[in-house]
Structures are given as C-alpha cells and as structure tokens.
Amino acid sequence: APEGTPCPSRWAWRAGVFLPTLLATGLIIALFTDFFAIGGLSPFETVLISMIAFTFFWIAMSLFMAVSGSVRVLLTRRREGVAAPIDVALVIPIHNEVPNVVFGNALAMLEDLAEHSARHRYALFILSDTRDEDVVAGETLAFSNLQIMAPPTIPVSYRRFPENAEKKIGNLGEWIRRWGGAYEGMVVLDADSLMSADAIERLADALSEDPAAGLVQSTPAIIGSKTVFGRIQQFATAAYGPLLSAGLAAWTGREGNYWGHNAIVRTRAFAACAGLPRIGRGQRLVMSHDFVEAALLRRAGWSVRMLHAEPGSYEEAPASLIDYVGRDARWCRGNLQHLRLLTVRGLHPVSRFHLLQGAMSYLVSPVWLALLLVWASIGVGEDRSLIVYFSGSDPRPHWPELTETRQVVLLLMMYGMLLAPKLLGTIRALSSAERARRFGGRGRFALSVVTEIVLSVFYAPILMVQQTKAVIASLIGVEFAWRSYRALGDHMPRVSGLFRFHAAETIIGTALTAGIVLGFVTPWLLPIGLSLAFSVPLSLLSTVRLDSCPWLMASPEDVDPAPVQLAALARHRDFAERVSRQPLTLAAE
C-alpha cells in the first residue's frame with residue numbers, strides 16, 4: 001500500500017506530549033534523589049525512585065495528552081469531502097449475547113442508513129459462534145424477524161459458526177475468506193455497539209478518500225448506563241474523554257491504534273497482513289488482538305487513524321464494579337501477552353509503544369500498591385513505625401523526616417496531576433453554555449463532576465488491588481472466573497460472595513485503618529484505607545440504579561438522546577416481544 005502524504009505536524013504533537021512528560025519525570029527523579037541522597041543511594045532507595053518515576057511517567061503523559069487535546073480541539077475544523085461510493089459490510093461477531101439487544105441495535109442502524117440516503121452500499125452480517133442452544137434459538141428467531149423488518153435496500157445475513165476454537169478471531173477470519181473479497185471495507189461492531197448513519201458514513205468516507213488508510217477508528221461514547229458504576233464511566237468518558245482522545249489522535253497521527261469495534265477496516269489490507277501469530281510453547285491465541293492487528297497493518301505500510309471529534313458512535317459499559325473487574329482481568333491477560341511481541345520484526349516504534357503502554361496500564365497497579373505498603377510501613381516517626389515495631393531495630397535508610405508539609409505537598413502534587421485532565425474537561429464544558437446545557441446545565445454538571453471525582457477516588461484503590469491480583473494471576477497462569485452482575489439478571493449479588501471477591505482489599509484496608517488509628521501509619525492514607533476496608537459496601541453501591549436521580553452524572557446522550565438511540569431502544573422491545581411470542585422449536589427448522 002502506498003504510504004500516502006506524511007503529516008509533519010504529528011512530530012510537533014509528539015514533542016508536545018513526550019518532552020514535558022520526560023521533563024516532569026526527570027524533575028521527580030531529581031527531587032527524590034536529592035531527598036534520599038544522605039550518605040549515598042542504597043539499592044533499596046534506587047529501586048524506590050525507579051518505582052516512583054515509573055508511575056509518575058504515565059500520570060504525566062495523561063496530563064500532557066489532555067493539554068495537547070485541548071489545543072487540538074480548538075484547531076479542529078470539520079472537513080467536507082466528496083468520497084467515491086464503496087461497498088461496506090457491517091460485521092457483528094456475537095457469542096452468547098442477548099438477542100434482542102444485538103438485533104435491535106442492528107435494525108436501528110439499518111433503518112437510520114436507509115432514511116439518510118447513504119452514499120455507500122451496505123450489507124449486514126451477524127456472525128455467531130454462540131454455544132448456548134437456548135441463545136441460538138433466540139438468535140434464529142430474532143434473525144427471522146430482522147429479515148422481515150429490515151429495509152429492502154440493505155441485505156442482511158446471519159451465519160452460525162459451528163466452531164469457536166479461535167473465538168472472535170476465527171469468526172471474522174471465516175467471514176473474510178468467504179465474503180470479504182466483495183467489500184472494500186468492513187465496519188466491525190461489538191454486540192452492544194450502536195452507530196448513527198452519519199457516523200458510519202464518515203468512517204466509509206474516510207476509507208474511500210484515503211487510499212493509504214488500512215483502518216479508521218471512531219471514538220465511542222458510552223450509553224445506556226443506569227447504575228452508579230456505569231454512570232461513573234459514562235460521565236467521565238463524555239466530560240473528560242474528548243480531550244484525551246483528541247490528544248491521542250494528534251500525537252499518534254497515522255500510527256494510531258485499534259479498539260476492536262466501531263471502526264472501519266480495509267478488508268483486503270486486513271486479509272493480506274493482519275493474520276495473528278500463536279504465542280508461546282502452548283501456541284495460545286492472541287488476546288487483545290486489536291492492538292496487534294493495528295500494529296501489523298502499520299507494519300505493512302497501511303495507516304491507522306482515529307476520528308476523534310465525530311459524534312454518533314456508541315457502546316455500553318460494565319454495569320457494576322465486579323463486571324468491570326471481570327472484563328479488566330481478561331484485558332490484563334491480553335495486554336501482558338503483548339510484552340512478548342515487542343521484539344517482532346518490522347513494527348513501527350509507535351506501534352511498539354501502544355503494545356507497551358497497554359501492558360504498563362496494568363503493571364503500574366502492583367507498583368502503586370508496593371509504594372503504598374512502603375509508605376505505610378515507614379510510619380510517622382522513628383518510634384511509630386511498623387518496621388521498627390516488628391523488627392525491634394531501625395533498619396530503614398536514614399532519610400530526612402517526611403514532615404506534614406512534605407506529605408501535603410507530595411499528595412497535592414500527585415492528586416493534582418491525576419485530576420488535571422478532569423479539570424481541563426470541566427473547564428471546557430463550563431466555558432460554553434451550549435456544552436454545559438448538553439450535560440443538564442452548569443449547576444448539575446458541576447455537581448456531577450464532584451460526585452464522579454469523589455466516587456472515583458474511593459473506587460481507585462479497589463481497582464488497584466484487583467488489577468494487582470489480575471497481573472499476578474496472569475503471570476502464574478491462573479484464570480479466575482466470576483459470574484457477572486449482568487449475568488445474574490440485574491439481581492443484587494450475594495454479600496457472602498462479595499466478601500470472598502474483595503477479601504484482599506478488605507484485609508489490606510482494615511490493617512491500614514487500624515495502623516492509622518494506633519498511630520503507626522500516616523493519617524494521609526486514611527481515604528485509601530477506608531476505601532479498601534469498605535470495598536464490599538462500595539461494590540454493592542456500584543450496582544445501585546439511579547432511576548430516581550437520572551440527571552446525576554448524566555451524559556449528553558442521556559439529556560438529549562440521538563434518534564438512533566431512541567430507535568434502538570424501541571427495537572429492543574420489538575424483538576423481545578416478537579421472540580417471546582414464538583415457540584423456540586421454530587429455531588430448529
């Protein structure tokens with residue numbers, strides 16, 4: 001594939017993200033080196049400084065990416081082009097999903113495309129490798145209804161893949177081999193994906209207008225969240241996410257990444273160069289394969305781009321803390337696999353960085369936890385230290401006293417860096433009456449920001465411990481299964497099960513809080529200690545529905561739903577009613 005015209009400005013964006021990130025990290029290293037340098041640096045102190053620098057780098061990068069995103073948003077102008085019509089397949093791989101949601105979303109998208117007189121030619125393929133026979137029966141009935149209800153101008157197909165040894169990869173691979181040659185592009189969608197006709201058309205336009213584009217990724221907004229934890233994710237994505245995604249699109253340029261759904265892929269490029277290797281002696285499937293597929297496309301010369309400012313692309317989020325943790329554990333295993341692929345020949349340096357960053361996003365949690373335990377063990381003085389208490393002597397390095405002022409400055413600096421991207425998103429929303437109105441008004445938006453920050457502060461330590469468990473499980477090859485809240489039919493999980501699930505957090509939090517009460521641990525760790533100690537009540541809180549307070553942490557899609565959203569909800573009900581009226585025995589015909 002031809003490389004296309006390079007974008008020289010991407011180097012300026014990269015400098016704007018990485019130079020201040022490296023300078024800030026270097027400053028932190030210098031400050032802590034000076035702090036620890038009495039009598040020279042010991043190996044323990046060197047390791048500690050390295051751990052601090054490691055965690056700080058990713059915090060700083062997130063901040064400066066949001067700053068770059070703020071500039072990029074101001075400079076972005078919508079460009080209207082004339083794209084040649086192409087044939088595009090909407091491809092939805094599914095596995096044991098709720099049929100009325102999958103087929104309801106699909107029909108809503110087809111109707112929206114038909115109503116908007118689409119420039120491109122579309123066809124829909126639903127690719128199932130479902131193993132549950134009851135769900136298969138529901139899919140078959142739903143597809144029968146989809147054939148009746150779908151616009152006649154858009155062909156629809158349902159294919160049940162009899163094997164799922166290679167899971168989603170194999171499902172898509174079979175479609176490409178059988179039908180892919182007839183389509184210039186495929187829009188890959190998840191079971192809960194929803195896209196407006198305008199959003200789909202913009203993806204198809206981008207592929208048609210750029211002959212060097214191998215993949216164009218949209219930036220999905222989260223919709224449909226009704227629970228506390230779901231709303232945290234939905235509001236954060238809507239309020240702060242646009243700046244981060246704009247910054248990511250700016251510095252990655254044509255070396256972007258792929259999130260596995262709500263993106264358009266050039267079919268022949270994908271077929272030619274995105275075949276995935278098996279990993280390790282056990283020849284395991286590549287998990288989190290989207291990152292790897294993007295890297296392989298870029299290695300072959302195709303560009304991978306992001307559309308960051310285009311509305312109309314949607315997905316759903318885990319409804320509860322335990323749902324999120326279950327999904328996160330799967331992603332952790334996949335992202336840690338990527339460390340084995342960093343030395344693959346021919347990958348672009350930015351593609352290698354994407355693979356590394358995905359793994360580091362999980363490895364940072366064990367480092368955070370280790371730093372937390374070190375800080376707690378140091379105590380509040382020579383006579384009030386867990387190390388001294390349990391050892392009978394003072395084996396600690398002779399550091400300058402960590403005074404209250406120094407602790408306050410350290411905490412303010414760390415929390416300031418963590419919260420700065422949220423502050424930038426808040427300023428952007430409040431600076432425009434129209435943007436604030438889309439969140440329900442300035443007052444409600446401000447209250448939602450405070451609520452989201454407070455809840456995120458309490459949930460962050462729990463996720464830190466859970467991600468540490470996921471990293472350890474991945475490294476030793478243990479897979480923990482947890483029946484999700486959604487799988488329970490929205491019934492409240494049993495408290496006894498939650499105590500088992502959150503045992504590690506509860507023990508660590510109780511020990512921290514006890515140490516604070518007894519005067520052995522700095523009181524500045526009290527919010528973390530309480531969060532961990534009360535992880536079970538917080539997990540229960542995450543499942544509480546906000547039906548009585550629908551404006552709290554509301555996103556623009558809640559305040560003013562897009563027509564395709566309303567159509568999708570109506571179609572969910574239609575399919576649920578139609579399938580419930582027909583006997584499941586029809587599925588065998």
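The model is predicted, so its local features need pLDDT of at least 70, side-chain atom pairs count only at pLDDT 80 or more, and totals for chains, interfaces and linings use all residues. Residues are numbered from 1 along each chain as its sequence is written, and side-chain values use heavy atoms, with hydrogens and water left out. Helices (H or I, at least four residues) and strands (E, at least two) are DSSP runs, numbered from the N terminus.

**The seven-stranded sheet**

- Strands of a sheet pair through backbone hydrogen bonds, either parallel or antiparallel.
- Seven strands make up an open sheet with mixed pairing, and their order is β3-β2-β1-β4-β8-β6-β9; two strands pair if DSSP finds at least two bridges between them.
- The edges are held by β3 (156–160) and β9 (303–307), each with a single partner strand, so one side of each has no neighbour in the sheet.
- On average, neighbouring strands of this sheet are turned by 20 degrees against each other, direction ignored.
- Inside this order, β6 (residues 213–218) pairs with β8 (residues 263–266) in the antiparallel sense over three bridges.
- To find this pairing on screen, look for Val-216, whose bridge partner in β8 is Ile-264.

**The three-stranded sheet**

- Another open sheet has three strands in the order β5-β10-β7, again with mixed pairing.
- Here β5 (194–195) and β7 (221–222) stand at the edges with a single partner strand each, so one side of each is left without a neighbour in the sheet.
- β7 and β10 (residues 313–315) run parallel and are joined by two bridges.
- Ala-221 stands opposite Tyr-314 in β10.

- Two packed helices are described by the angle between their axes and the distance between the axes.
- Axes are lines fitted to C-alpha atoms, for helices over the stretch in contact, and angles run from 0 to 180 degrees between N-to-C directions.
- Angles under 35 degrees count as roughly parallel, over 145 as roughly antiparallel, 65 to 115 as roughly perpendicular and the rest as oblique.
- The axes of α1 (residues 9–36) and α2 (residues 43–75) come within 8 Å and cross at roughly 150 degrees, which makes α1 roughly antiparallel to α2.
- The contact of α1 with α2 involves 22 nonpolar, five polar and two charged residues (Ala, Val, Leu, Ile, Met, Phe, Trp, Tyr, Cys and Pro count as nonpolar, Asp, Glu, Lys and Arg as charged, and the others, Gly among them, as polar).
- For α7 (residues 228–239) and α16 (residues 442–476), the axes come within 10 Å and cross at roughly 120 degrees, so these two helices are oblique to each other.
- The crossing of α7 and α16 is left-handed.

**Cavities**

- A search of the whole structure finds two cavities of 30 Å³ or more (on a 1 Å grid over the protein atoms alone, a cavity is a set of points where a 1.4 Å probe fits but cannot get out; lining residues have an atom within 4 Å of a point).
- Grid points are joined across faces, edges and corners, and a volume is the space filled by probe spheres set on the points.
- The largest cavity has a volume of about 40 Å³, and its lining includes Met-195, Arg-202 and Glu-310.
- Helix α6 (residues 197–209) gives the most to that lining, with three residues.
- The second largest cavity has a volume of about 30 Å³, and its lining has four nonpolar, four polar and no charged residues.

Definitions and conventions: 1 Å grid on protein atoms, 1.4 Å probe; cavity = no way out; pocket = protein on both sides within 12 Å on 5 of 7 lines; lining within 4 Å. Left-handed = near helix turned anticlockwise from the far one by under 90°.
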